[in-house]
Amino acid sequence: REIITMIQRVIWLLAMVVLLGSLMIWIMMPTNTYAHIWLPNIRNKVNQSTYFGTQGANLLIYTFPVLFVAVLGSLYLHLEKKANDDKLRNMGKQHRYALWKRPMLIKGPLGIVSVTELAFLIMFMALLIWSFAVYLHNGFSLITPKSVANSGQKLWQAKLMSAAFRLGLVGNICLAFLFFPVARGSSLLPLFGLTSEGSIKYHIWLGHMAITLTTAHGLCYIIYWAVTNDISQMVKWGKTDVSHVAGELATVAGLGLWATTFPGIRRRMFELFFYTHHLYTLFVFFFVMHVGSTYSCMMLPGFYLFLVDRYLRFLQSRRRVRLVSARILPCQTLELNFSKTPGLSYNPTSITFINVPSLSKLQWHPFTVTSNSNLEPDKFSVVIKSEGSWSTKLFQMLSSPTSMDRLEVSLEGPYGPASTNFLRHDTLVMVCGGSGITPFVSIIRESMFASATLKCKTPQIILICSFKKSSDLAILDLIHPISGIQSEMLNLQLQIKAYVTREKIPTTDAIANSKNVRAIWFKPLATDEPMSAILGPNSWLWLAAIIVSSFIVFLILIGIITRYYIYPIDHNSNAVFPYSTRAILNILVIFVSIATIASAAVFWNKKQNGKEANQVQNMEGTTPAASPSSLYYNADRELESLPNQSLIQVTDVHYGERPDLKKLLFDCKGSSSVGVLVAGPKKMRHDVAKICSSGWAGNMHFESISFCW
C-alpha cells in the first residue's frame, strides 16, 4: 500500500507540473513575449519538419501536454482502483480540505458553488479578462492615425476590427475547456476528485461564455464590414485564409443549440434540448474549417478525449444486456435487476444510461445504480420512478397483467466517482426527497459490505426522506437487495426518519398496497450479455493505451499525408494548399485513428468478457428456473424475518409535516465529523447547503447529489 501511495503521489505531482506549465502558456499567450520570442523560437525548431508542417508547434504546445496528463490520470486511477479495498479499511482519515468544499454561493444562477469552485471560476474569469485586455492593448498599439490613413479606414473602425478579432481569441479559450466536463469516462475529472455529472455545471458555464464571446466576435465583424461597405466579406470562403462562411455557419449552429439550453426550455422540452445539442458536430466541424487545422490544435485535446469516450460509449450501447428480474412497487416505481460479470466494479452513487428499443430507439435516460458491486458481484440494479412519459410507459408495460418473458435493454456506463469518502465520517446524514433516495441505497449497501466483509467500523447513518404520499414509503424496501441479506450485514447503526407531507394519516389503500411487492422473472436470450465493463477490469490501463496508441497513429498518418501529399504542393508556406482540405484531412485522420485503436481494444477485451459471461450463464443455469409469471410476496414478512433489525424497527414515520432540517442536522453536532449528503428538489438542496455553510456547522461536510443528466 505504501508503494502504491508513493507512486500515486509521484504521478499526481508530475501531472500538476505539466498542467501548471500549460496554464503558464495560456497566461503568456496574449503577451508580446510569447508572440515575438517564445513562439517563433519553437516554430523555427518544429515547423521546419516536412511531416507535421506548421501545426507541429501547436501540437507540441497545446495537444501533447493535456493528453500526457490524461494518460497519467489513467495510471493514477488504475492504482486507485486496486487500492480501493484498503481505503475502505482506512476510514479514519481527517478531512483536511473540508473548508474548501464548504458551500459559498447557494442561491442564484450558478446554483450551489463551493469555495474551491468559486475560486477557480474567479481565476478563469481573470484569465479571460487578462487575455482580452492584453490582446486589446497590443492590438491597439499598432493602430495609429498614420496606419489608419494608409488603409482608408477611420480610427474607430480599425479598433472595432481589432476588438472583434480579439473576442474570437478569448472565446477560443472557453472552447479549449468546453468538452472536458462531458467526457463521461475521461480520466482527467476523477484525477481531481470530480465526476462527469457533477461537472456538467462547468460545461454550462463554459458554454454560455463561449457562445457569448464567439457571437460577439461575429457580430462585430459584420458591423465592421457593413460600415466599411465591404459586406461581401460575409460570403468569402478563403482558399488559404480564414473562411468567413464557415465561421458564420459555426455561429448559427452554436446559437441553435444554445437557444434550448436555458432552464425553462430544457425542463419543459428536454427532447428538443437533447436533439438540438447534437448540433455541436456541425459547430466543431465548421469551427475547424473557419480557423484551420493548425489553430484548432488549441481545442483539440478536450475534443480528442471526448471523441475517445464517445466512441467507446457507442460500442457499449450496441450490446443487449441480460435483464433477469424486476420489482414493481406500489408507488409507481420499478427496480430492474441485470446480470453482470464479477469484473465490473463501480462505486456508490454511480449512474447508468438505459435504452429500451421497444419504447424508443433514440432515447437514453440516466438512472442511479442502487446495487453494490462488492455486496452483489453478479447483479446490477437500477431504480426507475414513473414520472415522465418514457418511465410511465415502461412502468405500464411491466406492471400489466400480461406476462412478459423478455425485455430488450441496452446499458451505457456506469459512471461515478473514482473513490468515495462517505464511510470516513462518524455520522452520515442523508437527506432526500422522493426518488432522490436512490443514490443513498447504494451507500447503505456499501456500509453493509464494509461492516460484514471488511469488518470496518461504519458511521451512524441517519436517512431523512420526504414523500408526498404514504404509498411512496414502499420505496424504502429497495434498501434490501431482492436476493436477500445475511443477518450479519444488518449490523448497522441505521435510523430512518420518513416524512409524508400530503397525508395526515396512512390511507387504507396505501396500507393494503404496501403488503404486496410484485416481482417479475424474465427469460433472457442466449445472445443477451451480462453487464460488463467495455474495456474489462483494467479499463483505466486500456484507456491509457487507447489514448497513446491512437495519438501515435494520428501523428504517423498525418505525418505521411503532410510529407508526401501536402508538402510537395505547399512547402510549409500555407499559401497554396487549401485550409479546408487540410482541416478535413485532419478530422478524418482523427476519426480513423480513434475508431481503429478503440475497436481493437474492445474486441480484445470482449474475449475476456465472454469467458466471464459464460461463467455467469453457467451459474444461472444451475439455479432452479424461476417462473416467468408474476410472483408476489409480503414485504413486511420478509423484513420481520431478519434477526437483528428490520426497516420497520428503525423507521420513524411522520405524517402531515415536513422535516425540520435545521434541528435534525444540529442534533448531530456532537459528532466530530458529520457527512451531509442531499439529493432531491432544488429548494431542499439549497436549504441543506445554507445550514451546512453557517458558522454553527463547523463539523459538517456537505455534498449535493444533483441529477444534472
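This is a predicted model: local features need pLDDT of at least 70, side-chain atom pairs count only at pLDDT 80 or more; totals for chains, interfaces and linings use all residues.
How many bridges join strand E5 (residues 351-355) to E8? The answer is 4, and the two strands run antiparallel.

## The chain as a whole

The protein chain holds 23 helices and 16 strands. Of its 709 residues, 53% are buried. The protein chain exposes about 32,500 Å², and carbon and sulfur atoms supply 62% of that area.

Contacts can also be sorted by how far apart the two residues lie in the sequence. Among contacts in the protein chain with a separation of 6 or more, 80% are between residues 24 or more positions apart.

## The sheet with E5 and E8

Strand E5 belongs to an open sheet of 3 strands, in the order E6-E5-E8, with antiparallel pairing. The edge strands are E6 (365-368) and E8, each of which pairs on one side only. Direction ignored, neighbouring strands of this sheet are turned by 25° against each other on average.

Phe-353 has Glu-412 in E8 as its bridge partner, and Ile-354 is partnered by Leu-411 in E8. Strand E8 itself covers residues 410-415. E8 is mostly covered, with 6 of its 6 residues buried.

Strand E3 (residues 323-329) and strand E4 (residues 333-339) form another pair. E3 and E4 pair in the antiparallel sense over 6 bridges.

Why is E3 described as largely enclosed by the rest of the structure? The reason is that 6 of its 7 residues are buried.

## Helix H14

Helix H14 spans residues 300-317 and has 18 residues. From its first C-alpha to its last, H14 reaches 25 Å, close to the 26 Å expected at 1.5 Å a residue.

H14 is also largely enclosed by the rest of the structure, because 15 of its 18 residues are buried.

## Thr-63 in helix H3

Thr-63 is found in helix H3, which runs over residues 56-82. Is Thr-63 buried or exposed? Thr-63 counts as buried because its relative accessibility is 0%, and buried means under 20%.

Which residues does Thr-63 touch, not counting residues up to four places away in sequence? The list is Asn-58, Cys-297, Leu-300, Pro-301 and Phe-551.

## Cysteines

Sulfur pairs within 2.5 Å would count as disulfides, and the count comes to 0 disulfides. Cys-174 is buried, with a relative accessible area of 0%. Cys-692 is buried too, with a relative accessible area of 0%.

Key. Residues are numbered from 1 along each chain as its sequence is written. Side-chain values use heavy atoms; hydrogens and water are left out. Buried means under 20% relative accessible area, exposed over 50%, partly exposed in between (1.4 Å probe, protein chains only). Contact means heavy atoms within 4.5 Å. Accessible areas come from the Shrake-Rupley method with a 1.4 Å probe; for residues, only the protein chains shown count as cover. Two strands pair if DSSP finds at least two bridges between them. The expected span of a helix is 1.5 Å times one less than its number of residues. Axes are lines fitted to C-alpha atoms, for helices over the stretch in contact, and angles run from 0 to 180 degrees between N-to-C directions.
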